[in-house]
Amino acid sequence: MSTQLAGQTALVTGGTAGIGLACARLLAGAGAAVLITGRDRARGEAAAAALGAGVRFVRADIADLDSVAELVAQSSRVDILVNNAASFPGALTLEQDVASFESTFDTNVRGTYFLVAGLVPGMLARGHGSIINVTSMVASKGVAGASVYSASKAAVESLTRTWAAEFGPGGVRVNAVAPGPTNTEGVVAEWGDVNDELGRALPLGRTAEPAEIAEAVLFLASSASSFVTGATLHADGGGIAA
Ligand SMILES: NC(=O)c1ccc[n+]([C@@H]2O[C@H](COP(=O)([O-])OP(=O)(O)OC[C@H]3O[C@@H](n4cnc5c(N)ncnc54)[C@H](OP(=O)(O)O)[C@@H]3O)[C@@H](O)[C@H]2O)c1
């Protein structure tokens, strides 16, 4: 185990499955104490137990502002925040319903926004912090059926730049990782074969494994990226380059 992040506490939203779980594993492996969140308590507690002693589960629904406020209240010190929890339902624009539009933005944008607003004062008071927003390749690319999700992730990439400007003078870096199609249970359940098709169309010709995205998150969390802020790191197999 490396000690690169020893003495630091990381909070990974949606850290109980998929990319978030892989991030929690790498951050804990680098010596950080890690809090993981999700809505499903049983899954969360099992994930924390499997990751080991340095990892704790806190139940939170990022779509619910009261739950976000409670999460802030329970998180006494967070040095690294990975905003990973998201909702990604697909629908063609002409078939989009209002409820799913709202819940996507409530989770991906509003919840992320107010979690950051709640945790950044502590980071600024300590003079350091690293926030990593997990966005998506489709924030920069038109994919039919992904309009609301893509727009929500583009909003978060915009917030990444604003937050870098607002919090940089206080020592807090804010970056995004924009994954391409990644092989997770959640995305397979929601998008089925479409994810594999998107993977085959990339220059690298395949979907990513969650650990490959987590490596990019670890880089932005650590001092290896000490002069990087306001950036979006495209971990997408060349998806937006081609
Ligand atoms: N997989 C891909 O192809 C892909 C590509 C680009 C970007 N991304 C982004 O990567 C991130 C992770 O995706 P994934 O594929 O790893 O998803 P996943 O396997 O479905 O895992 C999602 C995680 O987020 C939690 N979660 C979902 N909604 C939540 C909410 N409202 N409040 C709190 N926690 C919530 C889930 O736990 P509970 O269900 O228990 O709440 C779970 O821990 C997302 O931001 C996604 O947009 C994924």
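## The ligand and its pocket

Start with Thr184: an N or O atom in its side chain lies 2.6 Å from an oxygen atom of the ligand. That is a polar contact, meaning a pair of N or O atoms within 3.5 Å (within protein, one must be able to donate a hydrogen and the other to accept it, and residues adjacent in sequence count only if both atoms are side-chain atoms). On its own the ligand exposes 880 Å², and the protein buries 93% of that; these areas come from the Shrake-Rupley method with a 1.4 Å probe.

Keep in mind that this is a predicted model, where local features need pLDDT of at least 70 and side-chain atom pairs count only at pLDDT 80 or more, while totals for chains, interfaces and linings use all residues. Residues are numbered from 1 along each chain as its sequence is written, and side-chain values use heavy atoms, with hydrogens and water left out.

| Residue | Part of the residue | Distance to a ligand oxygen atom |
|---|---|---|
| Thr184 | side-chain N or O atom | 2.6 Å |
| Asp40 | backbone N or O atom | 2.9 Å |
| Ala17 | polar backbone atom | 3.4 Å |

There are 31 residues around the ligand, and Thr16, Arg39, Asn84, Tyr149 and Thr184 come nearest. To count as near, a residue needs a heavy atom within 4 Å. The shell is made up of 13 nonpolar, 13 polar and five charged residues. For these classes, Ala, Val, Leu, Ile, Met, Phe, Trp, Tyr, Cys and Pro are nonpolar, Asp, Glu, Lys and Arg are charged, and the others, Gly among them, are polar. Helices α1 (18-29), α5 (147-167) and α6 (185-191) each put at least two residues into the shell; helices are DSSP runs (H or I, at least four residues), as are strands (E, at least two), numbered from the N terminus.

So where does the ligand sit? It's in the largest pocket, with more than half of its atoms within 2 Å of the pocket's grid points. A pocket is an open set of points on a 1 Å grid over the protein atoms alone, with protein on both sides within 12 Å along at least five of seven lines, and lining residues have an atom within 4 Å of a point. This pocket's volume is about 1,100 Å³. Its lining has 46 residues, with Ala86, Phe88, Thr184, Gly186 and Val187 closest to the centre. The largest share of that lining, five residues, comes from α6.

Note on methods. 1 Å grid on protein atoms, 1.4 Å probe; cavity = no way out; pocket = protein on both sides within 12 Å on 5 of 7 lines; lining within 4 Å. Points joined across faces, edges and corners; volume = space filled by probe spheres on them.
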